[in-house]
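Colleague: Could you take me closely through one part of this model, the place where two of its chains come together, and describe it piece by piece?

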Amino acid sequence: MPDHSAIMHMGQDLLVILHGDLDDRTVESIEREVTSEVARTSARGALIDVSGVDVIDSFVAQVLARLVRMVRLLGAEAAIVGIRPAVAISLVELGASMPDVTTALSAEQGMARLRRMRADNSVRIDHGKHC
Amino acid sequence: MASIAEIPAADPLASTSVAIDGESDLLRVRSVARAHARQAGLGVTATTKVVTAASELARNILHYATGGRGIATVQQAASGQKRGVRAVFTDSGPGIADLGAAMRSGFSTGGGLGLGLPGSRRLVDEFSIDSAPGSGTRVAICQWDR
Amino acid sequence: MAVDPVAVVEDLAYYTQMVNTITDYAVIHLDNEGVVRSWHAGAEHLTGYTAEEIIGQPAAVFYTVADAAAGRVEADLRTATAADSQVTEGWRLRKGGAPYWASVVLTAVLDQSGPAGFGMVVRDLTAGREQALMLRSLEQLVNSIADLEVIRFDCDGLVRSWNPGAQKLTGYVAEEVIGHHVSMFYNEDDASSGVLDREMTGAARDGSMEAEGWRIRKDGSRFWANIVLSPIRDDQGELAGYVKVARDLTERREQDQLVQRQRDEILELSTPVIQVWDKVLVLPLIGTLDSGRAARLTESLLERIAADQAEVVILDISGVPGIDSGVAQHLLETVEAARLMGTESILSGVRPDTAQSMVHLGIDLGGLRSRTSLRDALQLALRLIDARAGSRDEAGIRA
């Protein structure tokens with residue numbers, strides 16, 4: 001595991017913490033690691049915490065968005081949390097603001113979001129059975 | 001903690017050049033830009049913007065220049081009381097045939113297409129580009145403190 | 001060689017007449033020893049001596065005391081004899097000792113019998129010399145000005161002179177600019193839009209022209225210049241070029257802008273981000289929203305979101321006079337940046353006429369919810385917070 005990231009298990013969820021200045025190779029290997037870990041543990045959710053990252057350019061944003069899509073394809077929910085104000089502004093100016101990605105302010109809020117999304121999904125499934 | 005390169009304090013207008021040859025050079029470009037921004041006293045937002053733009057433009061060189069080679073030169077800028085960071089990115093790549101289209105295209109660079117040039121331009125205070133087929137490309141940016 | 005005596009006499013008479021009509025300079029005949037033998041009105045005009053006073057005097061009286069003592073007279077006569085003529089410039093004295101700057105042509109004269117003295121033609125160059133000196137002292141003055149650019153360019157706009165101030169201001173040395181067109185200091189837009197022509201025409205018409213604008217240094221950086229352009233006219237009043245005096249006002253302009261920004265910031269202090277409920281922030285926008293102000297507001301809003309852990313932000317636009325596409329763009333960017341921090345936004349204070357003009361302008365707010373009143377926006381905000389907390393109010397949220 002590269003020292004710019006750490007993957008932790010919190011119940012049924014994965015918490016991935018990224019920090020520092022990430023080079024392209026690291027970002028792509030994190031993508032692979034997280035995807036395979038979600039598959040391996042059948043995690044229900046994955047949170048990518050970027051509060052320790054002070055620059056996210058269009059490539060990294062692209063990889064993060066791709067990671068979220070892949071986790072969803074594996075049947076789990078994903079969110080990016082902790083994007084810093086300056087990074088948020090820069091991503092919007094760049095036009096790389098990852099429109100389909102769920103976001104949250106912190107890991108704590110992110111966990112609550114993941115739980116809510118799972119609850120919503122199960123409610124919808126119930127309704128589907130209705131008529 | 002992001003890595004920050006040290007630059008000599010003796011000459012505040014000294015420039016640092018980074019040869020762009022491989023992926024690890026993107027990291028160096030970012031840390032050099034960060035160091036100059038810190039020396040120039042840029043705030044967090046201005047620093048993030050210029051480092052992000054530098055990363056984008058260095059990345060362009062890596063992906064689009066011939067042999068993926070070019071040079072990034074970063075230095076502080078001063079204008080009256082204002083201080084800032086100026087960076088120039090040059091390559092002897094194929095050049096851009098339709099500069100107008102390149103500057104309009106790819107508003108969302110999420111798809112990986114487009115050169116991210118209009119995005120970089122929006123990020124920084126000053127932006128200029130010179131490019132022609134066969135003559136390579138030169139992009140100059142400048143970001144000031146408030 | 002036989003000489004026709006009648007012709008000589010006639011020549012002499014003609015010559016004498018010709019010399020007598022010359023008044024601008026002196027044509028004097030000296031004998032072989034350098035003694036004055038002829039005189040005329042021009043010589044009297046130049047030196048102040050009358051014919052009676054000077055004929056028979058040695059030419060040494062015209063020279064300065066120092067020159068005469070140093071044997072200059074004899075030396076000059078010798079040089080003229082050896083070389084047939086001698087041209088010099090130097091100080092000479094009028095009657096009474098007043099010096100003047102003279103141009104002297106001394107020519108050895110030969111007749112049938114050999115050396116027949118010298119012809120001395122003297123011109124008073126004092127005025128010209130003073131002009132030359134004044135020019136030189138003006139040049140030195142311009143060269144000592146290190147903080148102002150003082151340059152001259154010709155009617156075609158080609159730079160003809162440079163000074164240390166110009167070098168300091170722009171970074172160019174003289175060799176790089178002399179002979180080049182003055183548009184090299186302008187940015188591309190100005191150069192092509194005819195700003196320079198307008199400045200030159202204005203100066204020629206009104207006697208001087210003052211302007212301010214961005215100019216480009218050698219390193220590509222720009223500075224805010226204050227420029228005064230004056231036309232140069234020759235003796236006939238024809239345009240011969242321009243003098244340009246320029247100074248760097250970047251600092252003053254920045255101070256003006258700083259004052260403006262401080263005013264804006266004071267305005268912003270009167271539009272604080274308000275926490276109206278746990279996790280709900282309201283940002284009442286007041287006044288116009290240019291990109292600089294929008295950027296600053298976005299920054300402070302996002303910092304408050306982080307500090308207060310806000311989940312919903314209400315942007316109240318009832319105090320914004322007009323929502324055009326520019327303002328809408330800024331709003332949408334702020335909303336998107338807040339979204340990246342996990343925050344949902346609601347637009348409030350959208351009046352019917354605002355909504356109308358937005359539709360008219362084709363402004364698409366995307367998924368951004370909007371409400372007419374702050375109260376309605378607050379109600380929606382609280383429902384959103386509840387929903388996030390996990391309450392199963394699946395009916396309410398889609399509104």
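Modeller: Between chain C and chain A an area of about 1800 Å² is buried, and carbon and sulfur atoms give 60% of that area. Since this is a predicted model, the values that follow are computed from its coordinates. On the side of chain C, the residues C:Leu340, C:Met341 and C:Arg388 supply 34% of the area that this chain buries against chain A, more than any other three residues. In terms of contacts, 21 residues of chain C touch 20 residues of chain A.

Turning to polar interactions, the count of salt bridges between chain C and chain A is zero, whereas eight residue pairs, both members at pLDDT 80 or more, are found in polar contact across this interface. As for the elements involved, helix H12 (291-308), helix H13 (325-340) and helix H15 (374-388) of chain C each supply at least two residues of the side that touches chain A, and the largest share, six residues, comes from H12(C). By class, the residues on that side of chain C divide into eight nonpolar, four polar and nine charged.

Within chain A itself, helix H1 (residues 24-41) packs with helix H2 (residues 58-73) at an angle of about 10°, their axes being 10 Å apart, and because of that angle H1(A) is roughly parallel to H2(A). Residues of H1(A) including A:Val27, A:Val34 and A:Val38 meet residues of H2(A), among them A:Phe59, A:Leu67 and A:Met70. The contact of these two helices has nine nonpolar, one polar and four charged residues.

Key
Residues are numbered from 1 along each chain as its sequence is written. Chains are lettered from A and ligands numbered from 1 in the order in which they are written. This is a predicted model: local features need pLDDT of at least 70, side-chain atom pairs count only at pLDDT 80 or more; totals for chains, interfaces and linings use all residues. Side-chain values use heavy atoms; hydrogens and water are left out. Axes are lines fitted to C-alpha atoms, for helices over the stretch in contact, and angles run from 0 to 180 degrees between N-to-C directions. Helices (H or I, at least four residues) and strands (E, at least two) are DSSP runs, numbered from the N terminus. Angles under 35 degrees count as roughly parallel, over 145 as roughly antiparallel, 65 to 115 as roughly perpendicular and the rest as oblique. Contact means heavy atoms within 4.5 Å. Ala, Val, Leu, Ile, Met, Phe, Trp, Tyr, Cys and Pro count as nonpolar, Asp, Glu, Lys and Arg as charged, and the others, Gly among them, as polar. Buried area is the accessible area (1.4 Å probe) that two parts lose on being put together, summed over both. A salt bridge is a side-chain nitrogen of Lys or Arg within 4 Å of a carboxyl oxygen of Asp or Glu. A polar contact is a pair of N or O atoms within 3.5 Å; within protein, one must be able to donate a hydrogen and the other to accept it, and residues adjacent in sequence count only if both atoms are side-chain atoms.
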